[in-house]
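Here's a quick walk through a model, from its fold to its ligand. Have the viewer open as you read.

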Amino acid sequence: MSNTNVQIFDTTLRDGEQVPGCKLNTEQKIIIAEQLDLLGVDIIEAGFPVSSPGDFKSVEAISKIVKNATVCGLTRSVENDIKVAAEALKHAKTPRIHTGIGTSDSHIKFKFNSNKDAIIDRAVKAVSYAKSFVEDVEFYAEDAGRTDNEYLARVCEAVIKAGATVLNIPDTTGYCLPSEYGAKIKYLKENVKGIEKAVLSCHCHNDLGLATANSIEGVINGARQIECTINGIGERAGNTALEEVVMILKQHPYLNLDTNIKTEMLYGLSQLVSDSMGIYTQPNKAIVGANAFAHSSGIHQDGVIKNRETYEIIDPKDVGVTESAIVLTARSGRAALAYRAKNVGYELTKLQLDEIYVNFLDFADKKKEVNDDDIHTIIENSRLYKEIISA
Ligand code: KIV
Ligand code: ZN
């Protein structure tokens, strides 16, 4: 892995699947895992094997079929979790165990009724035990976002010594500001002894709508893995959206950070995950929403028809969307009407367009969106119809 490469760790099938009511069966998970592998994700977190027999079966089945990506299973810092995960992952070409424990004051006090030293002890034991099964062990410091940096650095140093290859720094509650999260990663890079032996990973939740921004700040400050899900699905307000971080890095080449993702597959995967889980994607969702490449105001439509780049920073084909959409509404101008009329076979002169546009506005005021059939109706009912079709 070069120093400019950011590893994409997909957790759609683990953190993503924690969305209430969106449980997938093993067959659906296998189909998604195959597509994620083709998409080029570096790591697929396939599930939490000890959590249920179904999850164990899915992680085992995914381990068997994935060809390129590392397959990862989640555990707590509990011996049996780790043993069960190792068993579920035993057929994977490159298995990874993801173990960890809460490190914030609130987790230490309320979840574990414990103290800072005892937590480090448990973390080290978990990593050492996981290491007895697999080479690649990722450690998560749950609620790292609200953990003080000095203690977090002590935890990281201890688990690196125990053999952790990746350090996951989750903003579990989605609390951090981008500047804070970036500073946390920078602090760990500069203050953890042995940090060069491990990859720092961003795992950001979206409770304040900052998951994507925080992950990007994380990699700008030295992290080299982002944990994310397709469509940003996940616990509560969700996780970092894979399609967003990947396209941000692609569209900002001066950051000198890249991924192995085949971006033309993004839209298809978004649809697959949304259909399989029965979660509809908001139309204004960045990159993959139905309106992400749709233009409806007259000013924008006129610009896009003249040159797509006036109002689009991404070529829709780069993410698997066939073309930008010019949506006809009462806010549309003549340029959009002429463009759409031409697409359905009518080449209008300037004078014809002026007259048809008046009819169009009258129609559009009564309807939210004017479709191709409506364009035919408007033109067929106009007094210019014969003249238009005889041209
Ligand atoms: O958000 C979180 O802290 C997690 C960990 C279990 C990695 O999902
Ligand atoms: Zn999470």
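Predicted model: local features only at pLDDT ≥ 70, side-chain atom pairs only at ≥ 80, totals over all residues.

Residues are numbered from 1 along each chain as its sequence is written, chains are lettered from A and ligands numbered from 1 in the order written, and side-chain values use heavy atoms, leaving out hydrogens and water.

**Barrel.** Eight strands make a closed barrel in the order E1-E2-E3-E4-E5-E6-E7-E8, with parallel pairing (strands are DSSP runs of E, at least two residues, and helices runs of H or I, at least four, numbered from the N terminus; a pair needs at least two DSSP bridges). From one strand to the next, the twist averages 25° (axes are lines fitted to C-alpha atoms, for helices over the stretch in contact, and angles run from 0 to 180 degrees between N-to-C directions). E1 (residues 7–10) and E2 (residues 43–47) run parallel, joined by two bridges, and Asp10 sits opposite Ile44 in E2.

**Helix.** H8 (residues 211–220) lies across E6 (166–171), E7 (199–204) and E8 (225–228), at about 170° to E7 (contact means heavy atoms within 4.5 Å).

**Ligand.** Around ligand 1 (a heavy atom within 4 Å) you'll find Arg14, Asp15, His98, Tyr140, Glu142, Asn168, Pro170, Thr172, His203 and His205.

| Residue | Distance |
|---|---|
| Arg14 | 3.0 Å |
| Thr172 | 2.7 Å |
| His205 | 3.0 Å |

Taken alone, ligand 1 exposes 260 Å², and the protein buries 93% of that (Shrake-Rupley areas, 1.4 Å probe).

Terms used
Polar contact = N/O pair within 3.5 Å; in protein donor to acceptor, adjacent residues only side chain to side chain.
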